[in-house]
Amino acid sequence: MALSPIQLTTTTTLLLLVFLFLTIYIQSTAADSADSATPLGPSAMVLPLTLSAPNSSRTLSHSRRHLQRSESHSTATARMPLYDDLIPYGYYTTRIWIGTPPQTFALIVDTGSTLTYVPCSTCEQCGKHQDPNFQPDWSSTYQPLKCSMECTCDSEMMHCVYDRQYAEMSSSSGVLGEDIVSFGKQSELKPQRTVFGCENVETGDIYSQRADGIMGLGRGDLSIVDQLVEKGVIGNSFSLCYGGMDVGGGAMVLGGISPPAGMVFTHSDPARSAYYNIDLKEIHIAGKQLPINPMVFDGKYGTILDSGTTYAYLPEPAFKAFKDAIMKELNSLKLIQGPDRNYNDICFSGVGSDVSQLSKTFPAVDLVFSNGNRLSLSPENYLFQHSKAHGAYCLGIFQNENDQTTLLGGIIVRNTLVMYDREHLKIGFWKTNCSEIWEILHLLSPPPALPSASPPLAPSGPQFYTMPEDLIVGFITFEMILSIMPPKLKPHLTKLAAFVAHGLEVDTSQVHLLNITSEYGHSVITWAIYPAGSGDYISHAAARNILAGIVEHRVSLPPMFGNYQVFDWSIEPPAERTWWQQHHLAVVMTIFITILLGLLASGMWFVWRRRWHSFGSYKPVNYVFPEHELQPL
């Protein structure tokens, strides 16, 4: 029996509804199967951006990391680049790799500390830092140091522990362990087994700092320098070269190098203290000696060089004389409020933003040592840029409150190669351009070939950036800070994204700008790298290559973008899609087909109805038709 038009339309609608639900069910089943085949595993490794305090503070969280007194010849060198800057971070960092396979860390280079330490995965109280915590279980070569008479033991007398207390009320404590440490792809020094701290508790500034930990370069058995010297793999010396104002970066060499001609030396007495002290006797400003007793620089620990401190701190008599002399030379400049009203910073406006021209306005400062040698300081060695006033600068030398020690931090040795010649008990200074120090010292000659059986020289490829096997990489985010302000940067963001894509070896369409803000006179950009094409995730091989590009600073930018730093990378899982995101295509297609078939059925019914009326109504044979009256013509 043939179906009527109404029956046909109803049947079609029911079939379409069945088709709709079957489509949704099949898609849901497929999605569930995919999820069970590739579980997400651990949660995403999220490392949020944490900027340092404004540079106005002379007690910047990490700028006064000098220890309280609670701490009890090879031709190989480790050539290592430095990152970050005194302003706004308050420190310089270098990168080392620990474990097998290696895990990477950004560590503050600190001549005032005698232990290298990183946060551990077992840490009960650690902050969010630049890289993921060290995973001892991932390293096949890690060993905790067992309790012995030579170390402080834990309460169970199982392992050696450490506890470091710093003067600014921060601390680090944990377990001492030993593992293979690599020093970077520019190093000719083989990876070495080294003792380091595996942090379990952080407090204060160490908890809040962006850097992962500390690289202790001080004098002491646990110092990384002492350990390498004891092994006989480097000479008893190391050198630091901090980049200049508005440039940052720099270089470090573990091991001896030939001192360049013109390097100025002064005696350093390890018997005086564990810190690197120098024999400072006089300070001259604009060629005039400050009227102070030379013994003022010999109080308490004497005059200390501390690379982990940002600024310089003089005893009260020396600071008062220094400030008065500077003010006298700069009486034509206008004094302004510092960037932080909580501190009485001495700041001058109307100078101009060209750092190379500062010496035309600010006087020369000379440090004179007991042997008659002198180190000449340029303005960038005692000034820092005002973060809120264009063309203004503030004194980076302060009074050391209630302490007779003269503490010279990183600001004093900007663009200065400092050689810590521990073997000959002296420290050398040589003014130079630290951003080009490798070329200047001709240290870029290729390292000698090593036997194939040797361990890898340095992590230099994407395989060194490990991640759990079950981790699905949805996308990767990272922060980039540039030394230009957002208004100047925004017209060129498309071009900047292209340079980022080229440096990370991804397609430009994968690079997405998530956010751009202004921090302390710089632009802070949040980038995201998404899967190529219509993919849902990034393969581990591609993710490792991207992370290598981020961590090893492979993104090269032209001068128009100024200087930059890349940091705080984060691996994110694929975004969890809603029901509508999973099934919207099927729903839309089903509605479209339903409407189309409905229109088709309506059209067929309309045609059928027209044809029915055209044939007229059916009448029986004996039907009597009514008579109609004929109308006259």
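A residue is called buried when its relative accessible area is under 20%. By that cut-off, 51% of the 633 residues in the chain of this predicted model are buried. The chain holds 10 helices and 32 strands. Its accessible surface comes to about 30,600 Å², and carbon and sulfur atoms account for 57% of that area.

- Glu202 belongs to strand 9, which covers residues 192-203.
- Glu202 counts as buried because its relative accessibility is 0%, under the limit of 20%.
- The side chain of Glu202 has a polar contact of 2.8 Å with the side chain of His129.
- The side chain of Glu202 also reaches a backbone atom, the nitrogen of Gly127, at 2.9 Å.
- Leaving aside residues up to four places away in sequence, Glu202 touches Pro119, Gln125, Cys126, Gly127, His129, Ser171, Tyr207 and Asp212.

**Aromatic pairs**

- The count of aromatic pairs in the model comes to 20.
- Tyr92 and Tyr242 form a stacked pair, with 4.0 Å from centre to centre and 20° between the planes.
- Tyr92 sits in the loop between helix 2 (86-89) and strand 2 (93-98), and Tyr242 in strand 11 (residues 237-242), so this pair ties together parts that are 150 residues apart in sequence.
- Both Tyr92 and Tyr242 are buried.
- Phe499 and Phe561 form an edge-to-face pair, because their planes stand at 75° with the ring centres 6.1 Å apart.
- This pair links helix 8 (residues 493-504), which contains Phe499, to the loop between helix 9 (540-551) and strand 32 (564-572), which contains Phe561; the two residues are 62 apart.
- Phe499 is partly exposed, at 27% relative accessibility, whereas Phe561 is buried, at 1%.
- Phe105, Phe134, Tyr142 and Phe196 are joined into a cluster by ring pairs.

**Nonpolar surface patch**

- Trp605, Phe606, Val607 and Trp608 make up a nonpolar patch on the surface.
- Together the four residues of the patch have about 420 Å² of accessible area.
- Trp605 is located in helix 10, which covers residues 579-615.
- With a relative accessible area of 37%, Trp605 is partly exposed, a class that lies between the limits of 20% and 50%.

Definitions and conventions:
Residues numbered from 1 in each chain as written. Predicted model: local features only at pLDDT ≥ 70, side-chain atom pairs only at ≥ 80, totals over all residues. Heavy atoms only, no water. Helix = DSSP H or I, 4+ residues; strand = E, 2+ residues; numbered from the N terminus. Buried < 20%, exposed > 50% of the residue type's maximum accessible area, 1.4 Å probe, protein only. Areas by Shrake-Rupley, 256 points an atom, 1.4 Å probe, with all protein chains shown as cover. Contact = heavy atoms within 4.5 Å. Polar contact = N/O pair within 3.5 Å; in protein donor to acceptor, adjacent residues only side chain to side chain. Patch = residues over 30% accessible without salt bridge, like charges linked within 9 Å, V, L, I, M, F, W, Y side chains within 5 Å. Salt bridge = Lys/Arg side-chain N within 4 Å of Asp/Glu carboxyl O. Phe/Tyr/Trp six-rings, centres within 6.5 Å; stacked < 30°, edge-to-face > 60°.
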